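Let's take a friendly look at a protein model together. Have the sequence and the 3D view ready as you read.

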Amino acid sequence: MNSNGEEGKVESQMTAKKKSTEKALSRKIEVAERRLPSASEAVGEPVFGLEGVGVSYGGKVAVRDVSMTIGAKEITALIGPSGCGKSTLLRCLNRMNDLVPSAEVFGKCLYHGTDLYGPEVDPVEVRKLIGMVFQKPNPFPKSIYDNIAFGPKVLGLPDVEERVERALRSAALWDEVKDRLDDNAYGMSGGQQQRLCIARCIAVDPDVILMDEPCSALDPISSGKIEDLMLELKEDFSIVIVTHNMQQAARVSDKTAFLIVELDSTEENRWGQLVEYDETEKIFTNPADSRTEDYVTGKVG
Amino acid sequence: MEARDALEMARGIGADKPPRSLRSSSPRYGEKVIKYVLVACAVLSVLTTTAIVVSLLVPTIGFFEQVSFGDFFSTESWAPNLEPPSFGVFNIIVGTLSTTLWGLLVAIPVGFLSAIYLSEYASKRVRKVVKPILEVLAGIPTVAFGVFAVTFLSPLVGDAVPGFIKTPPFAAGIAGLAIGLMIVPIISSISDDAMRAVPGGLREGAYALGAGKFTVSTRVVVPAAISGIVASIVLATSRALGETMIVLLAAGKSPNLTLDPGASVQTMTAFIGTTATGDIATGTISYDTIFAVGVVLFVMTLVMNMISIRLVRKFREVYE
């Protein structure tokens with residue numbers, strides 16, 4: 001977007017974008033029409049706006065009252081101890097929680113101004129725009145090529161072959177696998193498999209990539225490669241990452257949210273809650289909340 | 001405590017006790033007995049199979065000493081008990097193929113789709129109710145299916161499509177329909193198990209790309225579970241090929257060389273069933289015919305199993 005653009009122009013672009021997002025999320029979307037909302041997006045412009053978001057599984061609250069704004073083309077890290085609901089929160093952002101029958105989401109989860117849980121919104125369309133990479137690499141038991149081509153084929157996107165190559169190049173995997181595209185993906189190393197999953201995700205041109213502890217099953221060298229990759233990908237995508245590894249959050253993210261496990265007075269119910277959300281540097285050097293400080297300096301957790 | 005002290009202490013542990021013996025305290029006869037019992041059980045089933053094959057082969061050799069291969073594998077009429085006898089076995093091979101084909105035509109789509117429903121669509125509660133009900137179907141005696149076919153299915157179809165059944169109430173298609181209903185649970189239950197064994201991570205990966213439920217089911221889960229699905233179909237086909245009671249009751253006993261579902265046919269199993277329960281003397285040609293037909297049936301099932309194992313090896317997608 002034009003940095004010296006007039007106010008009015010920016011505003012009209014904003015409403016135009018909101019409209020296009022609404023359209024993209026509604027059921028009757030034409031695949032060919034689908035364009036990336038991120039293509040013209042400025043860094044830090046809000047992608048997600050969470051207002052009092054909470055999730056419960058079978059009536060038990062897992063995370064409660066999270067309000068935060070997630071910016072475009074930035075890496076936003078969610079950190080916190082086990083059970084603080086950071087993965088649960090992440091799964092709200094592309095409606096993966098819908099796959100758990102007992103899950104319920106409260107509050108407002110705005111994506112470019114549209115409530116992701118609005119009545120008109122189709123979760124399948126949401127996931128086309130907001131991709132996800134999981135904790136354990138989960139390539140399909142198919143060839144490397146078919147893994148990447150799966151998304152474009154299913155969504156009916158054009159130029160599948162070209163997309164596969166582009167996605168593999170973007171995931172820094174092309175040179176390693178270009179001679180064995182027909183080999184089964186399970187023959188790759190764990191780190192390669194995870195990069196394959198990232199490539200599979202970007203092959204369908206998402207707007208946002210959610211990563212749920214993408215390096216927790218990988219050795220440090222493979223993790224480093226994924227981190228480098230994330231820094232490259234944030235040029236084109238907005239990334240939200242859940243990580244156990246505080247150094248990783250400090251290294252790659254622009255903003256960091258710290259969540260904590262809260263207990264009620266009976267100590268029977270526990271849920272996750274957002275403590276602090278700020279620039280990563282501030283969270284790690286000069287946090288406002290003492291609980292954040294204790295956690296990032298290693299005093300607890 | 002000083003590290004050195006700890007080390008000293010660790011060295012001292014057990015120093016004043018005699019060393020423990022590493023020899024076994026008893027000869028462990030139990031282990032040996034268990035091993036022999038297990039071997040005996042495994043050998044028993046191998047022996048049974050061998051015995052069946054031998055007992056089939058000996059009379060079959062006797063049969064082919066009297067009837068030439070050419071006369072047996074021919075499309076002449078099938079009338080081994082008439083005078084003069086005629087041994088065109090293709091009549092009853094086609095009879096078997098016909099009832100099996102119509103059965104599979106019913107059972108594969110119904111069984112496969114209900115497996116997809118049970119594994120991917122049904123809620124836990126629905127599956128808990130529906131699956132046992134389906135499996136009860138598999139436990140119904142086949143004679144009940146046969147009676148059901150003759151007294152219920154046949155009049156029903158006959159009323160719906162007048163003239164379809166050439167010699168009411170017997171028809172290959174009616175027997176096939178009943179066979180199909182009988183083997184649906186084999187396909188649905190085993191396929192459902194195979195599909196539910198596919199790791200949830202694969203489904204999530206596909207959902208996260210914006211795939212719909214049906215796409216995830218058919219393009220991720222089914223390919224990953226294909227070996228189990230094919231196995232269920234093979235098992236069901238074996239049951240259909242070997243099914244005797246239903247065809248005996250519902251397919252009629254005229255050995256017609258036709259795939260017409262409305263025609264009455266005789267299957268290999270029905271022939272064996274009727275002839276073996278009739279009054280025949282050992283060593284006669286009628287007696288040997290039973291075994292020759294049995295061998296054909298045996299070889300057919302064997303070849304089918306071999307082909308399907310090949311197919312599974314070729315197409316399966318191995319997850320981990």
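What share of the contacts in chain B with a separation of 6 or more comes from residues 24 or more positions apart? Such residues account for 72% of them, where contact means heavy atoms within 4.5 Å.

Before we go on, this is a predicted model, in which local features need pLDDT of at least 70 and side-chain atom pairs count only at pLDDT 80 or more, while totals for chains, interfaces and linings use all residues. Residues are numbered from 1 along each chain as its sequence is written, chains are lettered from A in the order in which they are written, and side-chain values use heavy atoms, leaving out hydrogens and water.

Here is chain B in brief.

| Feature of chain B | Value |
|---|---|
| Radius of gyration (over C-alpha atoms) | 28 Å |
| Box of C-alpha atoms along the principal axes | roughly 105 × 60 × 35 Å |

For comparison, a compact globule of 320 residues would have a radius of gyration near 20 Å, by the rule of 2.2 Å times the number of residues to the power 0.38. In chain B, 40% of the 320 residues count as buried, meaning under 20% relative accessible area with a 1.4 Å probe, protein chains only.

Now to chain A. A nonpolar core is a set of buried Ala, Val, Leu, Ile, Met, Phe, Trp, Tyr and Cys residues joined through side-chain atoms within 4.5 Å. The largest has 56 residues, of which A:Phe48, A:Leu78, A:Leu93 and A:Ile130 touch the most other members. Apart from it lies another core of 45 residues, including A:Ile75 and A:Phe237.

Key
Buried means under 20% relative accessible area, exposed over 50%, partly exposed in between (1.4 Å probe, protein chains only).
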